[in-house]
Amino acid sequence: MIDLMGFWLISLPGFAVPFALAAIGLILCERAGVLNLGAEGFMLMGALAGVGLTLNGTGAPVALMGGALAGVALSFVFALLAVGMRVNHVIAGLSMVFLAQALTSYIATSQRWTNNAFEGLRPVLYGQDAMVFLTPVLVLAVTWLLFHTRFGLALRAVGENPAAADAAGIDVTTMRFAAVLLGGALVGLAGAYLTVAVTQVWVDNVVGGRGWIAIALVIFARWYPWRALAGAVLFGGIEALIPRISAAGFDVPRYLMQATPYLATLGVMIWTAWRRPTSSAQPAALGRHHVREARG
Amino acid sequence: MGSMRMRGIDKSFGGFKALDKVDFEARPGEVHALLGENGAGKSTLMSVACGLYAPDSGEIEVDGRPVQIDGARRAVELGIGIVHQHSRLVEAFTVRDNLALFNPGRPVDDVMRDAQAAARDLGFEIAPGRLAGQLGVADQQRLEILKVIVSGARLVILDEPTAILSDAEGAMLMELVRRLAQSGRAVVLVTHKLHEALAHSDRITVMRGGKRVAEALPQDMTPQTLTHLIVGANVAEAFIPSGAVGAPVLWLENVFVPGEGRQRGLAGASLSLKAGEIYGVAGVSGNGQAELAAVICGIGTPTQGRIMMADRGDITHQGPADRRRQGLAAIPADRYRHALAGSASVADNFAVPGALAGAYGPWAWFNRGIMRRQTRDAIARNDVQGVRSTGQPASLLSGGNAQKLVIAREFQGKPRVVLAHSPSRGLDVRAAAAVHDRLRQARDAGAAVIVISEDLDEILLLSDRIGVLNAGRIAAEFDAPADRAAIGAAMVHHEHA
């Protein structure tokens, strides 16, 4: 039992970090009013970049940064669609997921990266790698950026009332682009961490729905980075429990166990909706385009 | 400092000429009223002045130097600030954050010190930590003015500032406007209320149909001459009383409906609509107008009270479809949102009720030929212009013609009750007169007509009987011809003031 607890605690951060990084990335993006359903796709791109770089011997830190850049690259396409060309945010986001699923699978197969295990990020302290310690710092940084800087003030204004931001001389399109790219870097980093530090191998769809859970986490966190970190620990804890319970020999149906994170997501969504039927936390202009010359 | 001169400003939207060679000048220390009806081009002109719209042609000078105002930021640099009709505050932000947002590049503490001082000069206080969304309408407006002044505006444009204020709040605002001018700033007061322009400005410019028709001093003008300028010479509409008022057709008994957000909703509204009579509902916006229109249509249910219909009994719990079957016709306030589907064709928009009633065949088959023929007939009968084909999207119609299409549809089956909410909003005088004529025709054909409008002139022009909606209930009723001043007093009377 003690062993069970100990192993669980040690493996928890590895599961929590991708959720936390992806969620704060999405918060950055959505606080500027851009609804981002493409997280699963950005994570896949980051994950693949991480694998490719590590297999080519760059070392883990470079691989992680490459993952972040891959996230930026795909979110640039997303921003072009959703912000630049004013495509419906939901459609643009979903198309990113399908694009990334097909593209990563193709690249991994053609480069023979699939099922090719490697040694990635190594632990530095208490069996944990450096990213585990860096993640709270990033959460702090995003909080600071959003709530204690002029850039953050302008970013949130764009998400709440683009017309007001426009009147204050803020370029709504530029600000939304910046938020999408910055957020995309963090979501890509989350994906890269998943392969470089946790799975240390590429299989198709390695992200396995974690991007979708991160989207639910953002709602649960009411668009606050610290709450997202707490939510990430909760969900990471649930995920970390699954292999431990099987390993300890408890006879629980395996597929039911694997469905637990999604059941928990559903539960959290219902709880959030029930607790606060009228969500005032959502950025008021989330998912809405800003067109100035439209006559009111 | 703070003078601005605009010369020959042109601006078109699509094919619509919103501004036609307009001249306008604002001088320091002066309150300049920009007067005109809805759609006259006042707001468009001011949007050009503050860099939100780029003019198609024309020149702008600020302090004697020619300038290009290509964006909101440039306008702020030039010392031009606008307070929009609808609040441009970020409601989820505090007062402090709203001020900071609008004054980038300066330490927030300096901004706040300036704001506190400016507020004191203008005679009010601010609470930096409160959320903008929690402030009352009047306080939000003062914050908007402050936001603009602290950013260094020497020219302050106020777009219809009293439209959403009570009388007392409006009077306080006018005092503030006077202080702004006394501090050496130029003030532009955009308004459609001629009494406001006459009482509170130093100079009046009148616009009509995108053109400047006059610039004059208030002491040289009377309400009559101004009306003539605003409305134009050739449309004289007069009140025509009902020939025969019949029995009550639909009545509300002590109806309560909760309001949304800051709206008051209905709180014990009772009124009775009679056949062959136009009942006008006057009142300041936000006193329950939207909720009254909704409960009559059958959208939403009252929490208390009943809605009765002659020989149908209690219809409180009937939905819109049932009520329409019983002869209710509705002309909603926002015709593009609640009356027409803009991307659907003119024929589809016209034929919805007929299609639902099975006039074009069974449920699985439409006879489009009959549908188009009926639409063409109705368009001709109702003088809907600008329809090149019945297949063209309804959104291409101008405001007046769109309204005529709505009326053509709603009046096709001889309605018993007609609800018209702000039926002439955004229409020019001629189109408004045509709409009013159709309402009178419906009345003369025996319908009970209710007109809800924030435009008191429209109410006086149409109504055989007038009810004043104040704080969610009918506070007073008047028979035509009614005393305008008495109605005005009932509109703004506060029981708990």
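B:Leu143 counts as buried because it has 24 C-beta neighbours inside 10 Å. A residue is buried if 20 or more other C-beta atoms, placed from the backbone, lie within 10 Å of its own; 12 or fewer make it exposed, and values in between partly exposed. The model is a predicted one, in which local features need pLDDT of at least 70 and side-chain atom pairs count only at pLDDT 80 or more, while totals for chains, interfaces and linings use all residues. Residues are numbered from 1 along each chain as its sequence is written, and chains are lettered from A and ligands numbered from 1 in the order in which they are written.

B:Leu143 sits in helix H5 of chain B. Helices (H or I, at least four residues) and strands (E, at least two) are DSSP runs, numbered from the N terminus. Residues up to four places away in sequence aside, B:Leu143 touches B:Leu89, B:Val95, B:Asn98, B:Ile126, B:Ala132 and B:Leu135. Contact here requires C-beta atoms, placed from the backbone, to lie within 7 Å. B:Ser47 is 96 residues from B:Leu143 along the chain, and their C-alpha atoms are separated by 20 Å.

Helix H5 (residues 137-150) of chain B packs against helix H4 (residues 108-122) of chain B at an angle of about 120°, with the axes 10 Å apart. Axes are lines fitted to C-alpha atoms, for helices over the stretch in contact, and angles run from 0 to 180 degrees between N-to-C directions. The angle therefore makes H4(B) oblique to H5(B). Angles under 35 degrees count as roughly parallel, over 145 as roughly antiparallel, 65 to 115 as roughly perpendicular and the rest as oblique. H4(B) contributes B:Val111, B:Asp114, B:Ala115, B:Ala118 and B:Ala119 to the contact, and H5(B) contributes B:Leu146, B:Ile149 and B:Val150. By class, seven of these residues are nonpolar, none polar and one charged. Ala, Val, Leu, Ile, Met, Phe, Trp, Tyr, Cys and Pro count as nonpolar, Asp, Glu, Lys and Arg as charged, and the others, Gly among them, as polar.

The axes of helix H3 (residues 60-84) of chain A and H8(A) come within 6 Å and cross at roughly 140°. H3(A) and H8(A) are therefore oblique to each other. Their crossing is right-handed. The contact of H3(A) with H8(A) holds 20 nonpolar, nine polar and one charged residues.

The largest nonpolar core has 170 residues, of which A:Ala20, A:Ala23, A:Tyr193, A:Leu217, A:Val218 and B:Ile157 touch the most other members. A nonpolar core is a set of buried Ala, Val, Leu, Ile, Met, Phe, Trp, Tyr and Cys residues joined through C-beta atoms within 7 Å. Helix H8 (residues 172-199) of chain A gives the most to this core, with 17 residues. Beyond its neighbours within four places in sequence, A:Tyr193 contacts A:Val17, A:Pro18, A:Leu21, A:Leu64, A:Met131 and A:Val198. Another core, of 76 residues, lies apart from the largest one and includes B:Leu271, B:Ala282, B:Ile379 and B:Leu462.

Helix H9 (residues 289-297) of chain B is mostly covered, with eight of its nine residues buried. B:Gly298 follows H9(B) and has a positive phi, near 95°.

Notes
Two residues are in contact if their C-beta atoms, placed from the backbone, lie within 7 Å. A crossing is left-handed if the near helix is turned anticlockwise from the far one by less than a right angle, and right-handed if clockwise.
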